[in-house]
Amino acid sequence: MSIPVVEGRRFRLGKYEVVGQPIPHSAHMLRYPVFVDGIRIGALASVPTESDCRFLEHPPAVPPLKIYSVIYRPGRPKKGTVRPTDKAVMPPVLELPHEITLPRNRDIE
């Protein structure tokens, strides 16, 4: 006995023609290819709206890819900068007054 498969369907959204086709090895999912004047412009796995179809026909412009080069090294110091000294990096030493005693751990004694 085989699993019953959902039947495909065909409908129009404005100037777009959408054909629902069963996805192979799926009982209830449909693939929706979108056509304009008989030319396939894309497909979706959910029921498309007219705005989805417009997006498939005229996708937004994508900015050009920024090419990585050895010259561009983010997070590196610029040429000519002076390295910080070790004294500037070390935290200041905290000096306690002579009257204050720190509590000692009992396990150490």
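How many residues lie between strand 3 and strand 4 in their hairpin? I shall answer that in a few minutes, after an introduction to the model.

Colleagues, this is a predicted model, in which local features need pLDDT of at least 70, side-chain atom pairs count only at pLDDT 80 or more, and totals for chains, interfaces and linings use all residues. Residues are numbered from 1 along each chain as its sequence is written, and side-chain values use heavy atoms, with hydrogens and water left out.

The model has an open sheet of 4 strands in the order 1-2-3-4, with antiparallel pairing. Its edge strands are strand 1, residues 9-13, and strand 4, residues 39-44, each of which pairs on one side only. From one strand to the next, the twist averages 25°. A word on terms: strands (E, at least two residues) and helices (H or I, at least four) are DSSP runs, numbered from the N terminus. Two strands pair if DSSP finds at least two bridges between them. Axes are lines fitted to C-alpha atoms, for helices over the stretch in contact, and angles run from 0 to 180 degrees between N-to-C directions.

Strand 1 pairs with strand 2, residues 16-22, in the antiparallel sense over 5 bridges, and L13 stands opposite Y16 of strand 2. Strand 2 in turn pairs with strand 3, again antiparallel and over 5 bridges; here E17 stands opposite F35 of strand 3. Finally, 5 bridges join strand 3 to strand 4, which run antiparallel, and the bridge partner of Y32 in strand 4 is L44.

This brings me back to the opening question. The hairpin of strand 3 and strand 4 has 2 residues between the strands, and D37 in the turn has a positive phi of about 55°. D37 is exposed, because its relative accessible area is 73%; the cut-offs are under 20% for buried, over 50% for exposed, and partly exposed in between, with a 1.4 Å probe and protein chains only. D37 and E17 are 20 residues apart in sequence, yet their C-alpha atoms are 8.3 Å apart in space.

H25 is found in the loop between strand 2 and strand 3 and is exposed, at 88% relative accessible area. For context, most residues other than glycine have a negative phi.

Helix 1, residues 50-57, lies across strand 1, strand 2, strand 3 (30-36) and strand 4, and runs at about 120° to strand 4. Why is strand 3 described as largely enclosed by the rest of the structure? The reason is that 5 of its 7 residues are buried.

The largest nonpolar core has 7 residues in all: Y16, V18, L30, Y32, V34, V36 and C53. By a nonpolar core we mean a set of buried Ala, Val, Leu, Ile, Met, Phe, Trp, Tyr and Cys residues joined through side-chain atoms within 4.5 Å. Strand 2 and strand 3 are the elements that give two or more residues to this core, and the largest share, 4 residues, comes from strand 3. Leaving aside neighbours within four places in sequence, Y16 is in contact with residues including F11, V34, I41, C53 and E57, where contact means heavy atoms within 4.5 Å.

My last topic is charge. How many salt bridges does the structure hold? There are 3 salt bridges, each defined as a side-chain nitrogen of Lys or Arg within 4 Å of a carboxyl oxygen of Asp or Glu. One joins R10 to E17, with the closest N and O atoms 2.7 Å apart; another joins R12 to E17, at 3.9 Å. R10 is exposed, at 59% relative accessible area, and so is R12, at 53%, whereas E17 is partly exposed, at 23%.

The side chains of E57 and K15 also meet in a salt bridge, 3.4 Å from N to O. Because E57 lies in helix 1 and K15 in the loop between strand 1 and strand 2, this pair ties together parts that are 42 residues apart in sequence. Both partners are partly exposed, E57 at 22% and K15 at 47%. Salt bridges that share partners join R10, R12 and E17 into one network.
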